[in-house]
Structures are given as structure tokens and as C-alpha cells.
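Me: Please take me through the terms used for this model, and set each value against its definition, so that I can follow every conclusion.

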Amino acid sequence: MKSEHLVDEILTRTVNENVTFYKSMLEKIPRNEVTDPYWKELLAFYDKSNQGERELIVKLMKQVSQDSIASLLSIIDGSGYSELESELKLSDESDKPLQGELSDIFIKKCEETGI
């Protein structure tokens, strides 16, 4: 697996699919079936929001997801702040290191997709 392929998978699974899932939940979940206090509060806020505010909520979800993954990848790359004293090594099937540029590739792809 190449670094770019790993980043594509991470972007697809952790940002795109999760945001799509949560957006669908906000729009479609039957309100009378919700029992979780957090979701009740979030849905009440979402329901009283206008369309522009709802779009902003989804954009915020995308941004928070992107920032969290970029921070995690920078720690894996060894370029982000971390107090870890061990070194994590990711490599492809030919033993070529994957880390070192994961966060840069991820941020570039996010910018290209408008996140």
C-alpha cells in the first residue's frame, strides 16, 4: 500500500462516510425514537436551525473530522507535537516507510475536495 492510498482510505472512511452518516442521522432519524440525551439535545438544536445554519453544522463536522485526522497523522509522521517516546513505523509490503508525509497528503486531498 502506498501512502496516498492509505490517506485516500482514511479520508473516505473517517471524513466522507462519517459526515454523510451523521448528516443523514440529523435529517432522518425519527425524533420519537431517540433516547440518548446528547442526540436529543443535538436534534433539538438542529431542528430549530435554519437551512444555512444546518449547512454550517455539517461543514463544522467536516472541519473537526479533518483537523482531528490531520493531527493524528502528524503524530504518526513524527512532525506533530507528541510526548510519545517510542517510534511508530508503518510500511508497505516492500517495507518502504509510509509515514513522513501522511499529514501533508491528507491536508492536500482535503483542500482539493473542498473540505
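Reply: Helices here are DSSP runs of H or I with at least four residues, strands are runs of E with at least two, and both are numbered from the N terminus. By that numbering, Ser49 lies in the loop between α2 (37-48) and α3. The model is a predicted one, in which local features need pLDDT of at least 70 and side-chain atom pairs count only at pLDDT 80 or more, while totals for chains, interfaces and linings use all residues. Residues are numbered from 1 along each chain as its sequence is written, and side-chain values use heavy atoms, with hydrogens and water left out.

Me: Why is Ser49 called buried?

Reply: A residue counts as buried under 20% relative accessible area, as exposed over 50%, and as partly exposed in between (1.4 Å probe, protein chains only). Ser49 has a relative accessibility of 8%, and therefore counts as buried. Setting aside residues up to four places away in sequence, Ser49 touches Arg54 and Ile57, where contact means heavy atoms within 4.5 Å.

Me: What makes Asp95 exposed, and where does Asp95 lie?

Reply: Asp95 belongs to the loop between α3 and α4, and its relative accessible area is 60%, so Asp95 is exposed. Between the C-alpha atoms of Asp95 and Arg31, which are 64 residues apart along the chain, the separation is 50 Å.

Me: How do you know how α1 and α3 are oriented to each other?

Reply: The axes of helix α1 (residues 3-28) and helix α3 (residues 51-77) come within 10 Å and cross at roughly 155°. Axes are lines fitted to C-alpha atoms, for helices over the stretch in contact, and angles run from 0 to 180 degrees between N-to-C directions. Angles under 35 degrees count as roughly parallel, over 145 as roughly antiparallel, 65 to 115 as roughly perpendicular, and the rest as oblique. The pair α1 and α3 is therefore roughly antiparallel. Residues that make the contact include Ile10, Val19 and Leu26 of α1 and Ile57, Met61 and Leu73 of α3.

Me: Why are α1 and α4 called oblique to each other?

Reply: The axes of α1 and α4 come within 9 Å, and their crossing angle is roughly 55°, so α1 and α4 are oblique to each other. In this contact, residues of α1 including Leu6, Ile10 and Val15 meet residues of α4 including Leu102, Phe106 and Cys110. By class, the contact of α1 with α4 has nine nonpolar, one polar and three charged residues (Ala, Val, Leu, Ile, Met, Phe, Trp, Tyr, Cys and Pro count as nonpolar, Asp, Glu, Lys and Arg as charged, and the others, Gly among them, as polar).

Me: What makes α2 oblique to α3?

Reply: The axes of α2 and α3 come within 8 Å and cross at roughly 135°, and therefore α2 is oblique to α3. Here Phe45, Tyr46, Asp47 and Lys48 of α2 meet Glu53, Arg54 and Ile57 of α3, and the contact residues divide into three nonpolar, no polar and four charged.

Me: Which residues touch the most other members of the largest nonpolar core?

Reply: A nonpolar core is a set of buried Ala, Val, Leu, Ile, Met, Phe, Trp, Tyr and Cys residues joined through side-chain atoms within 4.5 Å. The largest core has 14 residues, and those touching the most other members are Ile10, Leu73, Leu102 and Phe106. At least two residues of this core come from each of α1, α3 and α4, and α1 supplies the largest share, with five residues. Another core, of nine residues, lies apart from it, and among its members are Val19, Leu26, Trp39 and Val58.
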